[in-house]
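Trainee: I'd like to learn how to read a model like this one. Could you walk me through a few features?

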Amino acid sequence: MERSSATLIPAEFRSVQGDITGQVGLIWQQTKAPFIVPLLKVMVFLCLIMSIMLFVERVYMGIVILFVKLFGKKLEKRYRWEPIKDDVELGNSAYPMVLVQIPMYNEKEVYQLSIGAACGLSWPSDRTIIQVLDDSTDPSIKALVEAECQRWASKGVNVKYEVRDNRKGYKAGALKEGMKHYYVKQCDYVVIFDADFQPEPDFLWRTVPFLVHNPEIALVQARWKFVNADECLMTRMQEMSLDYHFIVEQEVGSSTYGFFGFNGTAGVWRISSLNEAGGWKDRTTVEDMDLAVRASLKGWKFVYVGNLKVKNELPSTFKAYRYQQHRWSCGPVNLFRKMAMEIVRNKKVSLWKKLYVIYSFFFVRKIVAHIVTFTFYCVVLPATVLVPEVEVPRWGAVYIPSIITLLNAVGTPRSIHLLVFWILFENVMSLHRTKGTFIGLLEAGRVNEWVVTEKLGDALKTKLGGKTLKKPRIRLGERLHVLELGVGAYLFFCGCYDLAFGKNHYFIYLFLQSIAFFVAGIGYVGTFVPNS
């Protein structure tokens, strides 16, 4: 029996049976050439292809936005826009009826801001209906929201406080139920503001005329303005990413194909177009994008008004941001899975628009961008340090990502000095975005997980009371994130190996990126909110 066992083990292995490290090293050497090297070469090739796709997309959008800024017509000239004027004979009936929806869920910190801003919109009071859709599960918060609605109603504002028995469909379900009320039938347009959004009084004056004078337009989308961008380094990083989204991606879509993803808030919909598209659906966690794609396939156009900004709040705790990014990466991919063939078979829109929606909007921006960022820069590139037989060309490792990063910086010039931090932070978040992307593609367990993004409002200032915040004690269950720590350890190991044996000097990047993962792994990112 002993002899038989020995014959199954190669002689090389038997010579180092007592040395675990030697055995591991030998296994690595024997599997590297026939298996690991070819696999890594394929991975490098695929990552380079995806990098080129993302690079071309970013350069294309950069060229388009430059052309729009230098030679493009202003929105008021591209589309008919005239201010709505008073009519002596018709009176206020000359103004279209507008429904303002404010969906909320346990929004104790911000409900007064959003309701107050909506009730302060400058529009004839008998031509607006403010509809507060309260899905709160905390009875005390529901009572506060209802009291606030009653307070504004006593001032003559037409406020409707609506609740439902369950949270089926989450935000989409609340909006869908809101559209069923009898008084909605008299409305022409519907405006949606999330609970932390504070529109300026002239919001309707600047958006509704586009819909009134251009019957082909279904949606007018405004830009977001972040009231807490300077709260911490994490909010500055978010501002950089979202500014690029609004200044470049939304503007390019609006200028070229009259299509972009509805941002779920700070937008005005033509109710007839919303109904024609099938209304709100809760089949994914991106009900806003779902509606936009369906309306676009019906032939409707969208307009993005980039110089109209609506104040809102960025998630400032790492926990809230991780949940938000999971939803924003998982939802679009899951929607693409459900609608890809519907888009292909559609006959109402042009071939070029279908190609734009499928390739640029969905495939490159929602799938490739997430996967290549994490896979290439946090897995494959570090792995080439351990396998020197596989090389990444300098243009793929340095030049392409550098140009993409610089193009992204145009959205927020004031933060250009934070580019290194932004790169490191985006690579950390790409871990969660990639995970969300695959969950959406495979429709795995968390595909329809909906966690409302926590808004702090003035809660942090109130809790601090003007005092310096003491260093919080780290609670292992709440503050440690195993995935980030694991990736950080992998990158640190690769960095040490490159420092000792490598030639490409990747260790500088690897050490910096590993530190970023470690910092995120111990939860030392964003704002810490004390419990009391």
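**Rings, salt bridges and surface**

Mentor: Let's start with Tyr359 and Phe363, which sit 4 residues apart in helix 13 (residues 351–386), about one turn of the helix. Helices here are DSSP runs of H or I with at least four residues, strands are runs of E with at least two, and both are numbered from the N terminus. Keep in mind that this is a predicted model, where local features need pLDDT of at least 70, side-chain atom pairs count only at pLDDT 80 or more, and totals for chains, interfaces and linings use all residues. Residues are numbered from 1 along each chain as its sequence is written, and side-chain values use heavy atoms, with hydrogens and water left out.

Trainee: How many aromatic pairs are there by this rule?

Mentor: The rule first: rings of Phe, Tyr and Trp (its six-membered ring) pair if their centres lie within 6.5 Å; planes under 30 degrees apart are stacked, over 60 edge-to-face, and the rest tilted. The count comes to 26 aromatic pairs. In one of them, the ring centres of Phe246 and Tyr304 are 6.4 Å apart and the planes are at 25°, so this pair is stacked. It links distant parts of the chain, with Phe246 in helix 9 (residues 233–256) and Tyr304 in strand 7 (residues 301–312), 58 residues apart.

Trainee: Are Phe246 and Tyr304 buried or exposed?

Mentor: Buried means under 20% relative accessible area, exposed over 50%, and partly exposed in between (1.4 Å probe, protein chains only). Both Phe246 and Tyr304 are buried. Now back to Tyr359 and Phe363: their ring centres are 6.4 Å apart with planes at 35°, so that pair is tilted. Tyr359 is partly exposed at 32%, and Phe363 is partly exposed at 31%.

Trainee: What about charged side chains?

Mentor: Side chains of opposite charge can pair when their charged atoms come close. Here a salt bridge is a side-chain nitrogen of Lys or Arg within 4 Å of a carboxyl oxygen of Asp or Glu. The structure holds 19 salt bridges. In one of them, Arg164 pairs with Asp135, the closest N and O atoms being 2.8 Å apart. That pair links distant parts of the chain, 29 residues apart: Arg164 is in the loop between strand 3 (159–162) and helix 7 (170–178), Asp135 in the loop between strand 2 (128–134) and helix 6 (139–153). Arg164 is buried at 18% relative accessible area, and Asp135 is buried at 10%.

Trainee: Which residue forms a salt bridge with Glu239?

Mentor: Arg414 does, with the closest N and O atoms 2.9 Å apart. Glu239 lies in helix 9 and Arg414 in the loop between helix 14 (394–409) and helix 15 (419–442), 175 residues apart. Salt bridges that share partners join Asp230, Arg236, Glu239 and Arg414 into one network. Glu239 is buried at 9% relative accessible area, whereas Arg414 is partly exposed at 40%.

Trainee: Which residues form a nonpolar patch on the surface?

Mentor: Patches take residues with over 30% relative accessible area and no salt bridge, joining like charges within 9 Å and nonpolar side chains (Val, Leu, Ile, Met, Phe, Trp, Tyr) within 5 Å. Areas come from the Shrake-Rupley method with a 1.4 Å probe; for residues, only the protein chains shown count as cover. Leu480, Ile508, Leu512, Ile515, Val519, Ile522 and Tyr524 form the patch, with about 570 Å² of accessible area together. Leu512 is in helix 19 (residues 507–521) and counts as partly exposed at 40% relative accessibility.
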